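User: Hi! I am new to this structure and would like to learn how to read it. Could you walk me through it step by step?

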Amino acid sequence: MTNHSEDILDELSYQAALAEADHGRSTSADDRWSRELGDKLQARLAELRRNLLPAAAPIQKAKPIRGKWLVLTRDQLIAKLTELTQSMSGAVQYAHRDLQGLSDNDLRQLLDLLDTSPR
Amino acid sequence: MKTTTTAQRLCRTADEQAPFEPSEQWIEAFEAQNTDELRKRAHRFARSRARFVARAGGRVDELYAAELVHDVLTDTLFGVLTWDPAVVSLETHLFGAVRSRTKNDRLRALRFRHQSLDASDSAAVMCEVETSLAATRSTPSPESLTFSAEVIAQLRALAGDDVEIHRIVDAVEAGASAPREIMSVGQLSEKSWRKARLRLARVVDELSNHVLLGARRHA
């Protein structure tokens, strides 16, 4: 005998179980159990997907705006921004096409960000 | 396939566990194959294997089969069980793990009839059982071999003059396991193999009462 009796019995039980999987019937309680388990597993899959997302970047504290920008009026700020972007000939881009939508403080922060001179 | 039992997990230390972070492809493969139909098929499979454990004296209640399927799927999603979608289908992995765990539960029941096997048992008892079982897994005790030999003899008796069931048993005794091997060694066509396997399942079901009576005789 090639296999010992415990392995033979295990194999025969395995074949019987496969036949039951193929031809057996499930009850309505089994259907409900399967759906509930499916929901539970789906929640875990969602968690695994969330784990694949990159971790949130640390929030950086804004540096104080240089004094020279604080004294400018809104029109002067927009003119300066236009001059700066033109002088850099496309090397600088920002998301706001219409600067009118930005507050004076936003304009100052943008200018300060573009300003490469030492503080 | 690597499988890990509850007791082995309890025996592990926290340091050994690395976070499980499968790829998007892995998640998609699991999601696509983890269908309602698969879970119900697995439940029927596990129910049949549960009777196999109960026949050895294992404590099996009505939730046992459902918990087996639940545990294997969640253990796979937590990385306790390794599944490679490029190598085997989720069904093969799931059925294989249920088979392995029920086989362990059966052997444990045969060896430790005096021990309770509930999941609520203390980790220490489970570790002791698992360690002892692992040490002797490759060599079943003479008692369990005698017991299973008797069960096979009873199975043959119940099969009566069903030649095809006897051929399946002969083929498995000769070392065949995959369906193609069993068909080849047992000289069965695919159609007669499928029909005979169904009759075998009925005979295996009928075994329970006979075997329990036999086990009582030995007690």
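**Salt bridges and the meeting of two chains**

Analyst: Happy to! Counted over all chains, there are 31 salt bridges. Please keep in mind that this is a predicted model.

User: How many salt bridges are there between chain A and chain B?

Analyst: The count between chain A and chain B is twelve. One of them pairs Asp31(A) with Lys40(B), with the closest N and O atoms 2.9 Å apart. Asp31(A) sits in helix α2 of chain A and Lys40(B) in helix α3 (residues 36-55) of chain B, so this pair joins two chains. Another salt bridge brings together the side chains of Lys103(B) and Asp7(A), at 2.9 Å from N to O.

User: Which other residue meets Lys40(B) in a salt bridge?

Analyst: Let me start with the general idea. An α-helix has 3.6 residues a turn, so residues three or four places apart point the same way. Now the case here: the side chains of Lys40(B) and Asp36(B) meet in a salt bridge of 3.5 Å, N to O. Both residues lie in helix α3 of chain B, four residues apart, about one turn of the helix. Asp36(B) is partly exposed, with a relative accessible area of 27%. Salt bridges can also share partners: Asp10(A), Glu11(A), Arg49(B) and Arg99(B) are joined into one network in this way.

User: Let us turn to the interface as a whole. How much area do chain A and chain B bury between them?

Analyst: The size of an interface is often given as the accessible area lost when the parts come together. Here chain A and chain B bury about 4800 Å² between them, with 60% of it on carbon and sulfur atoms. On the chain A side, Glu6(A), Leu12(A) and Trp33(A) lose the most area to chain B, together 13% of what that side buries. The contact takes 41 residues from chain A and 60 residues from chain B.

User: How many residue pairs are in polar contact across this interface, and which elements of chain A take part?

Analyst: There are 27 residue pairs in polar contact, both residues having pLDDT 80 or more. The elements of chain A that give two or more residues to the side touching chain B are α1 (5-23) and α2 (28-52). Of these, α1(A) gives the most, with 19 residues. Sorted by class, this side of chain A has 16 nonpolar, twelve polar and 13 charged residues.

User: What does Asp30(A) touch?

Analyst: Leaving out residues up to four places away in sequence, Asp30(A) touches Lys40(B), His43(B) and Arg47(B). Asp30(A) is placed in helix α2 of chain A and counts as buried, because its relative accessibility is 7%. A polar atom of the Asp30(A) side chain lies 2.9 Å from the backbone nitrogen of Thr27(A).

User: And what is the secondary structure of chain A?

Analyst: Chain A comes to five helices and zero strands. Buried residues make up 36% of its 119 residues. In helix α5 (residues 104-114), the buried residues include Leu107(A), Leu110(A) and Leu111(A). What covers the buried residues of α5(A) includes α3 (67-70) and α4 (74-87) of chain A.

User: Finally, what is the mean pLDDT of chain A?

Analyst: Where pLDDT is low, the predicted coordinates should not be read in detail. For chain A the mean is 87, and 96% of its residues reach 70 or more. Among its elements, α4(A) has the lowest mean pLDDT (87) and α2(A) the highest (95).

Definitions and conventions:
Residues are numbered from 1 along each chain as its sequence is written. Chains are lettered from A and ligands numbered from 1 in the order in which they are written. Side-chain values use heavy atoms; hydrogens and water are left out. Contact means heavy atoms within 4.5 Å. Buried area is the accessible area (1.4 Å probe) that two parts lose on being put together, summed over both. A salt bridge is a side-chain nitrogen of Lys or Arg within 4 Å of a carboxyl oxygen of Asp or Glu. A polar contact is a pair of N or O atoms within 3.5 Å; within protein, one must be able to donate a hydrogen and the other to accept it, and residues adjacent in sequence count only if both atoms are side-chain atoms. Ala, Val, Leu, Ile, Met, Phe, Trp, Tyr, Cys and Pro count as nonpolar, Asp, Glu, Lys and Arg as charged, and the others, Gly among them, as polar. Buried means under 20% relative accessible area, exposed over 50%, partly exposed in between (1.4 Å probe, protein chains only). pLDDT is the predictor's confidence in each residue, from 0 to 100.
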